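Visitor: I'm new to this one and would like to learn how to read it. Could you walk me through it, one idea at a time?

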Amino acid sequence: MKKFLKVAVILIGLLVIVIGGFLAFVQIKGIPSYETTEPRNYVEPDSAKLAQGERLVGMLCASCHLNPGTQKLTGKQMTDAPAEFGEIHAPNITQDPDYGIGEYTDSELAYLLRTGIKRNGDYAPAYMVKLPHISDYDMESIIAFLKSNHRMVAPAKVETIPSKPSILTKALCNLAWKPFPMPEEKIEVPDSSDRVALGRYLVVNLDCFPCHSPDFKKVDYLNPENTLGYLSGGNSPLNLEGEVVKTANLTPHPTGIGNWTEEEFIRTLKTGQRPNGEALRYPMMPYTRITDKEASAIFAYLQSIPPVDNKVERD
């Protein structure tokens with residue numbers, strides 16, 4: 001028995017040393033960098049792309065990068081990011097060449113948004129939205145807007161406060177969170193006549209499923225439907241006061257939106273008012289820029305996914 005205990009103590013000691021050594025290595029190494037192998041392309045902007053880009057940036061980027069005081073995309077602290085990821089600051093993405101993205105080429109922006117790799121090779125962790133599935137047209141529209149002279153992206157000399165990622169974030173970036181591959185083929189927007197396909201496209205590319213699935217750490221960004229508890233809610237983002245706000249179940253189960261009508265869903269998504277009269281709570285904000293047709297397609301898709309019995313208790 002004494003021999004067994006002695007061996008157990010030695011094994012535990014070795015395990016502690018290995019884990020401690022790994023954590024020390026991760027802390028020193030930090031978030032990894034990668035080689036940049038950008039594709040060569042140039043976006044030809046036009047009025048349609050600029051309008052679509054403004055819509056998409058408003059729905060995808062503004063919640064993190066928009067400074068409410070100046071209404072410019074100069075970045076801010078993401079107080080609603082899960083505390084376990086550390087202190088996160090969204091960077092300045094205006095056209096300023098020193099403090100923003102003014103020196104980025106169209107190709108470099110596309111590469112960053114697709115893969116998560118910045119022009120200097122640094123990796124942007126998973127709390128930055130990546131767009132591996134978005135169509136080429138919508139990607140070009142986002143880039144056209146970010147490179148435009150719109151007041152939101154006009155050059156602003158505002159220095160980004162460096163983020164302070166936690167050791168968990170550093171470990172995940174070394175073990176699990178990796179850059180996404182660049183698409184090998186052209187990606188098209190689904191035919192608008194296929195409501196379910198269009199709805200899936202929007203749910204995936206508006207980044208709905210990471211928040212509305214149970215755990216950010218177990219999201220499968222490349223194969224969204226493989227995400228644990230896909231769209232069944234219960235994740236724990238924070239509001240602006242640092243309080244946990246559990247996300248809703250969006251599956252067609254009675255504990256989700258199984259009893260909702262399409263009209264109720266569209267009104268809630270666009271106005272922020274639930275069928276019972278209650279307002280949506282931050283970080284969920286109304287999608288005022290979305291069209292009725294797009295909201296209807298999202299509802300059609302959500303009605304097509306497997307129902308999950310998950311009653312989310314929300315204070």
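Guide: Let's start with touching: contact means heavy atoms within 4.5 Å. Take L73, which touches V57, A62, H65, L66, P91, N92, I93, T94, L146, M152 and V153, leaving aside residues up to four places away in sequence. Bear in mind that this is a predicted model, where local features need pLDDT of at least 70, side-chain atom pairs count only at pLDDT 80 or more, and totals for chains, interfaces and linings use all residues. Residues are numbered from 1 along each chain as its sequence is written, and side-chain values use heavy atoms, with hydrogens and water left out.

Visitor: How many helices and strands does the protein have?

Guide: Helices (H or I, at least four residues) and strands (E, at least two) are DSSP runs, numbered from the N terminus. Here there are 10 helices and 2 strands. Along the sequence they come as α-α-α-β-α-α-β-α-α-α-α-α.

Visitor: And what share of the residues counts as buried?

Guide: Buried means under 20% relative accessible area, exposed over 50%, and partly exposed in between (1.4 Å probe, protein chains only). Of the protein's 315 residues, 43% count as buried. Q52 in helix α2 is a case: its relative accessibility is 17%, so it counts as buried. Q52 touches Y137, D138 and S141, again not counting residues up to four places away in sequence.

Visitor: Which residues touch the most other members of the largest nonpolar core?

Guide: A nonpolar core is a set of buried Ala, Val, Leu, Ile, Met, Phe, Trp, Tyr and Cys residues joined through side-chain atoms within 4.5 Å. The largest one has 61 residues, and L73, I142, L231 and L302 touch the most other members. Helices α2, α4 (106-115), α5, α6 (167-175), α7, α8, α9 (262-271) and α10 each supply at least two residues of this core. Apart from it lies another core, of 5 residues, including C64, A81, I88 and A90.

Visitor: Where is I142 found, and what does I142 touch?

Guide: I142 is found in helix α5, and it counts as buried because its relative accessibility is 1%. I142 touches G53, L56, V57, L60, L113, L131 and I134, not counting residues up to four places away in sequence. The C-alpha atoms of I142 and K49 are separated by 7.7 Å, though the two are 93 residues apart along the chain.

Visitor: How do I read two helices that pack together?

Guide: Two packed helices are described by the angle between their axes and the distance between the axes. Axes are lines fitted to C-alpha atoms, for helices over the stretch in contact, and angles run from 0 to 180 degrees between N-to-C directions. For α7 and α10 the angle is about 95°, and the axes are 7 Å apart. Angles under 35 degrees count as roughly parallel, over 145 as roughly antiparallel, 65 to 115 as roughly perpendicular and the rest as oblique, so α7 and α10 are roughly perpendicular to each other.

Visitor: Which helices do the buried residues of α7 pack against?

Guide: They pack against α2 (47-60), α5 (136-146), α8 (208-211) and α10 (292-304). The buried residues of α7 (residues 195-205) are L198, G199, Y201, L202, V203, V204 and N205.

Visitor: What is the phi of D207?

Guide: D207 has a positive phi of about 65°, although it is not a glycine. D207 is in the loop between α7 and α8, and counts as partly exposed because its relative accessible area is 21%.
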